[in-house]
Amino acid sequence: MAQNKTDLLAVLAVVKKYNLKSTEELLKKEAGLTDIPENVAGEAEVNSVLAAYKSEGDPDIYENSYMELRKFVEESLDIYKHELALILYPVLVHMYIELVYNSHEVQAKKLITKFGPEQEYYYQDELAKLAMVTKRDEMSGNDITDTFKSNAFTIRISRDTLSLLKRHLHEKKASVILNIVNEHMYFDLYEGVARNKAQCDATSGAMTGEAKRQDNKIKVYYGLLKEPDVQTLVAAPPEEDDDMDPDAPDKPKKKKPKKDPLFSKKSKSDPNAPPLDRIPLPKLKDVDKMEKIKALRESTKRINLGPELLPSICMYTLLNANHTVTCADFCEDSSLLSVGFADSSIKVWSMTPMKLREMKSAEQLKEIDRDAEDVLIRMLDDRKAESCRTLLGHSGPVYRTSFAPDRTMLLSCSEDCTIRLWSLHTWTCVVVYKGHQYPVWDVRFSPHGHYFVSCSHDRTARLWSTDSHQPLRIFAGHLSDVDVCIFHPNSNYVATGSSDRTVRLWDVCVGNHHRLLTGHKAPIYSLAFSMCGRYLASGSADNRVLIWDLAHGHLIAALTGHTASIHSICFSRDGTILSTGGLDCALKLWDFTKLVDDISGENVNVSHNPDVRDGEPYLLRTFPTKQSPFLTLHFTRRNLLLGVGMYDLGM
């Protein structure tokens with residue numbers, strides 16, 4: 001308090017010196033200072049207060065301040081050292097930006113050259129980009145400077161660690177660092193013991209630090225929607241009432257037909273599922289219900305996988321396709337395969353003996369009986385059936401394709417900034433969706449159809465419906481390209497992965513993000529939800545697959561072993577096996593059931609993440625291809641694993 005009064009008196013002296021009477025009176029009134037002597041403060045006190053402002057313009061003080069801070073971190077007790085070390089990187093970046101802004105290019109270059117290489121490896125790319133900004137004019141429009149100027153860098157820190165840091169900065173009167181800490185950093189405080197090195201590393205790595213605990217507190221309805229009742233469509237033989245037959249009194253009574261055991265079990269409602277009317281979903285047609293019945297019957301023939309019973313794997317290798325194939329995708333029942341090419345074309349293959357038929361001409365359609373049960377089959381022309389179809393329309397490389405659940409339509413996105421919807425009856429483009437301003441990296445249909453989601457270089461993801469040419473929601477918040485997007489199995493949420501090294505879970509109902517997940521050290525290229533909907537797996541260019549618990553927003557496991565980016569992740573249909581495929585030409589199978597069982601016995605620590613499990617005990621098998629990096633992985637309804645890759649002679 002005494003120090004504050006001295007500072008106020010020093011400020012009053014400056015105001016008096018420049019004869020600013022109205023300001024002097026106002027300051028006295030607000031600060032409650034009365035009966036002040038003529039000589040309110042000595043020259044020394046005035047200089048000490050002004051030193052804080054002068055030092056910001058003195059370029060040489062930045063290097064000394066940073067060295068003092070680094071020395072303080074290194075000499076701190078081990079219990080606090082690792083959390084304190086988290087502030088070094090954002091302080092260095094803001095010091096560099098301030099020096100460049102004030103036209104001290106030489107000192108800025110010296111600072112980043114001297115201290116840049118000692119920062120964590122995952123920040124080196126950004127520091128290299130930042131070092132290219134050497135003049136104030138170059139700062140506007142630069143991704144890194146814009147991000148750091150407009151977003152506070154978040155650090156999760158214990159109260160004791162923060163008290164230690166603030167005490168040091170006030171004692172040393174490190175005004176440059178104090179200003180940076182106060183203006184550009186956000187400390188997410190928690191009570192308890194400071195985190196160790198492994199816990200700090202687990203959630204660090206994103207462009208603007210860690211996720212705030214507040215970001216992951218909203219309830220997420222991760223449960224699955226109740227399956228619709230399809231039993232009414234199952235044909236049952238008509239029951240005969242034999243008691244009423246006077247001509248056959250001695251005839252034995254017929255037994256009532258047994259109910260199909262497949263439909264006798266009633267599906268239980270999941271307590272974590274969202275209400276059925278939370279978002280409007282399309283009503284199931286009879287055709288859709290018959291498809292559900294077919295899928296249910298097929299699931300009874302499914303092989304239950306496990307450590308002792310691994311899936312059979314069928315690998316499709318695309319030859320003479322190096323640098324020309326960009327993506328591949330299977331439909332839900334594994335009967336169709338689509339492949340996108342860099343020359344803007346799309347090819348669709350039939351994976352069954354049934355060829356791809358085309359709709360008859362308008363003249364021939366007039367002759368068809370519209371009331372016939374098999375009207376859709378009659379509309380298709382067997383004479384024009386082919387095993388492969390080519391779709392043309394995009395004007396740039398195709399980056400992703402996605403089949404509708406009913407296999408009647410296909411979505412594609414491209415570098416030309418558009419999304420196209422193709423009819424798989426007429427094999428033509430029926431809608432072009434325009435909204436993104438830059439290349440569209442990914443597009444995915446909802447598991448329930450009707451809705452789809454896209455993501456782009458413009459840093460947004462967008463929710464669309466097939467019947468509207470305008471997006472229904474724009475999910476904005478990522479700080480760099482949104483590289484991958486995927487629907488939750490209940491269609492109420494969308495997950496996105498970005499080059500800002502974060503994963504976000506968005507609520508399609510309100511458009512806000514309900515989970516912000518940090519921990520990856522490189523851009524994220526693949527996402528997959530577990531069959532139960534509670535867990536999310538993300539694959540990245542840091543060669544790791546991270547497993548997240550969406551109930552609490554915690555990172556629970558890091559699966560390591562790949563030696564290149566992971567571009568494909570898929571869960572088995574029974575949820576027991578997780579498969580991952582990378583650009584290292586390796587397919588790995590992980591025991592997901594064992595991982596979930598091990599986690600369920602742990603107590604959740606609400607202050608920070610639980611200890612992240614290492615993936616090695618859960619690795620079941622690694623299958624190398626010869627020279628084919630993986631484009632996609634897909635489990636069939638019977639748990640056969642399909643993979644697609646292109647043969648790369650240069651690997």
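These are my notebook entries on a predicted model of one protein chain.

**Entry: ground rules**

I am working from a predicted model, where local features need pLDDT of at least 70, side-chain atom pairs count only at pLDDT 80 or more, and totals for chains, interfaces and linings use all residues. Residues are numbered from 1 along each chain as its sequence is written, and side-chain values use heavy atoms, with hydrogens and water left out.

**Entry: confidence**

I looked up pLDDT, the predictor's confidence in each residue on a scale from 0 to 100. The chain average is 85, and 83% of the residues score at least 70. A reminder to myself: where pLDDT is low, the predicted coordinates should not be read in detail.

**Entry: cysteines**

How many disulfides are there? I counted zero, using the rule that a disulfide is a pair of cysteine sulfur atoms within 2.5 Å. The scale I use calls a residue buried under 20% relative accessible area, exposed over 50%, and partly exposed in between (1.4 Å probe, protein chains only). Cys 570 is buried at 12%, and Cys 585 is buried at 7%.

I found Ile 97 in helix H6, which covers residues 88-101. Helices (H or I, at least four residues) and strands (E, at least two) are DSSP runs, numbered from the N terminus. Is Ile 97 buried or exposed? Its relative accessibility is 7%, so I wrote it down as buried. Leaving out residues up to four places away in sequence, Ile 97 touches Leu 130, Met 139, Thr 145 and Phe 148. I also looked at Arg 136, which is 39 residues from Ile 97 in sequence and 8.8 Å from it in space, C-alpha to C-alpha.

**Entry: a nonpolar patch**

I noted that Leu 77, Ile 79 and Val 193 make a nonpolar surface patch of about 300 Å². Patch residues have over 30% relative accessible area and no salt bridge; like charges are joined within 9 Å, and nonpolar side chains (Val, Leu, Ile, Met, Phe, Trp, Tyr) within 5 Å. The areas come from the Shrake-Rupley method with a 1.4 Å probe, and for residues only the protein chains shown count as cover. Ile 79 belongs to helix H5, residues 78-84, and is partly exposed at 41%.

**Entry: salt bridges**

I counted 26 salt bridges, each being a side-chain nitrogen of Lys or Arg within 4 Å of a carboxyl oxygen of Asp or Glu.

I started with Arg 195 and Glu 83, whose side chains meet at 3.3 Å, N to O. Why does this pair tie together parts that are 112 residues apart in sequence? It does so because Arg 195 lies in the loop between S2 and helix H12 (197-203), while Glu 83 lies in helix H5. Both ends are covered: Arg 195 is buried at 2%, and Glu 83 is buried at 0%.

Next came Asp 188 and Arg 213, which form a salt bridge at 3.6 Å, N to O. This pair links distant parts of the chain, 25 residues apart, with Asp 188 in strand S2 and Arg 213 in the loop between H12 and helix H13 (261-264). Strand S2 runs over residues 185-190. Asp 188 is buried at 7%, whereas Arg 213 is partly exposed at 24%. Besides Arg 213, the contacts of Asp 188 include Thr 154, Ile 155, Arg 156 and Ala 211.

I also looked up Asp 442 and Arg 444, which meet at 3.2 Å, N to O. Asp 442 is buried at 0%, and Arg 444 is buried at 18%.

Last, I noted a network of salt bridges linking Glu 291, Glu 298, Glu 332, Asp 333, Arg 407, Arg 573 and Arg 637.

**Entry: positive phi**

Which residues did I note here? Ser 103 has phi near 65 degrees, a positive value in a residue other than glycine. Ser 103 sits in the loop between H6 and helix H7 (105-115) and is partly exposed at 45%. Trp 427, not a glycine either, has a positive phi of about 60 degrees. Trp 427 is in the loop between strand S12 (418-423) and strand S13 (428-434), and is buried at 10%.

How values were computed
Contact means heavy atoms within 4.5 Å.
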